[in-house]
Amino acid sequence: MRRPEIQHAYALPLRGAVRLVPAHLRARLQEEWLAELPFRARLGQALGFALGCCWAAAVIRVQSPAWEAPAGSAGAPRVLRPVAAHERTALARRPGYLRTPARGADAALCEINTTPLIDVMLVLLVALIMSLPVLTHAVKLELPAGVAPPVPPASVVEIDIDADGTIAWNGTAVAGLAQLDEYLHRQAAADPGAQIHLHPDRRTRYDVVAQVLAATQRSHLRHVGFAGTSEFR
Amino acid sequence: MGSGRRKIRVSLQTLRVLEAFLERSGEELSGSDVQKRSRVASGTLYPILLRLEAAGWFVSRWESIDPAAAGRPRRRLYRITPAGLAQATEVFCGFNFVRGVPA
């Protein structure tokens, strides 16, 4: 027995194929073919069976009128009534005259109805697509195993600048820019990724703040930012 | 399906299907059984089965199982009729049939 989804995929073309056969055979052939489908163990067998049933439906559609006609009448020639001149004019005005010039029970089929054939073809296409294995495009990478060492948290230096220009290094007042330079270089040597948080007072002159920024640039510390800027808004 | 004596066009595939039934004439065969024995593809097999059934050579019925208990749907089983057996024998004699392939 096949997987249910594959079996269901192949049941679609069978249901489409039985639309080709005469109406009184549809229910029987659909049930018969769907019952035979699980006995096709392999994928190719099921697909071949489904395709074969589509072909069988087309053959049955063409041949079944000859089987079911009364004995002796199968070979009887069809007598076509000649169309009178006035009828030709009336017929020619009907839409679709060129495609179906004759109507009625005895009318001959002048063309193949391709709609069911196209239906079956589309259903077969869908079934084929559904039955294909999923293609995976993957690149094999050998990733490093083990646990990465924890990253030490960066040290944070708080620099406060008061309104009168006094600079504080982590709360401790700094004598001047020269000492601040020394502190910054020492910090850069100890931890190049240290974060410098500047807390200037809103009344501080920009000249002092600019000198502190210049000092941080000289020490090659890159993580410098203003903290607590809400008071400037 | 209709019945009655009707002239049947006998092809090589038809002979193979008939041979599958003649090996065990009283046995009922499903489509897959006939396909395994005759090695006729399903696209050819089912028109032959329906044609021979319409001609009265075969009769068919649904399998007598409970689909829920069996876990699968019921199959259609075909059996050759006495009239079909007689006509098939006549056909094989006419072909001088030797084990699967006409001589």
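1. Two strands are taken to pair if DSSP finds at least two bridges between them. With that in mind, and remembering that this is a predicted model, chain B holds an open sheet of three strands in the order β1-β3-β2, with antiparallel pairing. Strands β1 (29-30) and β2 (58-62) of chain B stand at the edges, and because each has a single partner strand, one side of each is left without a neighbour in the sheet.

2. Within that sheet, β2(B) pairs with strand β3 (residues 76-80) of chain B in the antiparallel sense, over five bridges. For a point to locate in the structure, S60(B) has Y78(B), in β3(B), as its bridge partner.

3. Turning to chain A, the secondary structure comes to seven helices and five strands, and from the N terminus on the elements run α-α-α-α-α-β-β-β-α-β-α-β. Of the 233 residues of chain A, 19% count as buried, while residues 24 or more positions apart account for 73% of the contacts in this chain with a separation of 6 or more.

4. On the α6(A) side the contact is made by L177(A), L180(A), D181(A) and L184(A), which meet Q211(A), V212(A), A215(A), T216(A) and R218(A) in α7(A). Sorted by class, this contact has five nonpolar, two polar and two charged residues.

Note on methods
Residues numbered from 1 in each chain as written. Chains lettered and ligands numbered in written order. Predicted model: local features only at pLDDT ≥ 70, side-chain atom pairs only at ≥ 80, totals over all residues. Contact = placed C-beta atoms within 7 Å. Helix = DSSP H or I, 4+ residues; strand = E, 2+ residues; numbered from the N terminus. Nonpolar A, V, L, I, M, F, W, Y, C, P; charged D, E, K, R; others polar. Buried ≥ 20, exposed ≤ 12 C-beta atoms within 10 Å, placed from the backbone.
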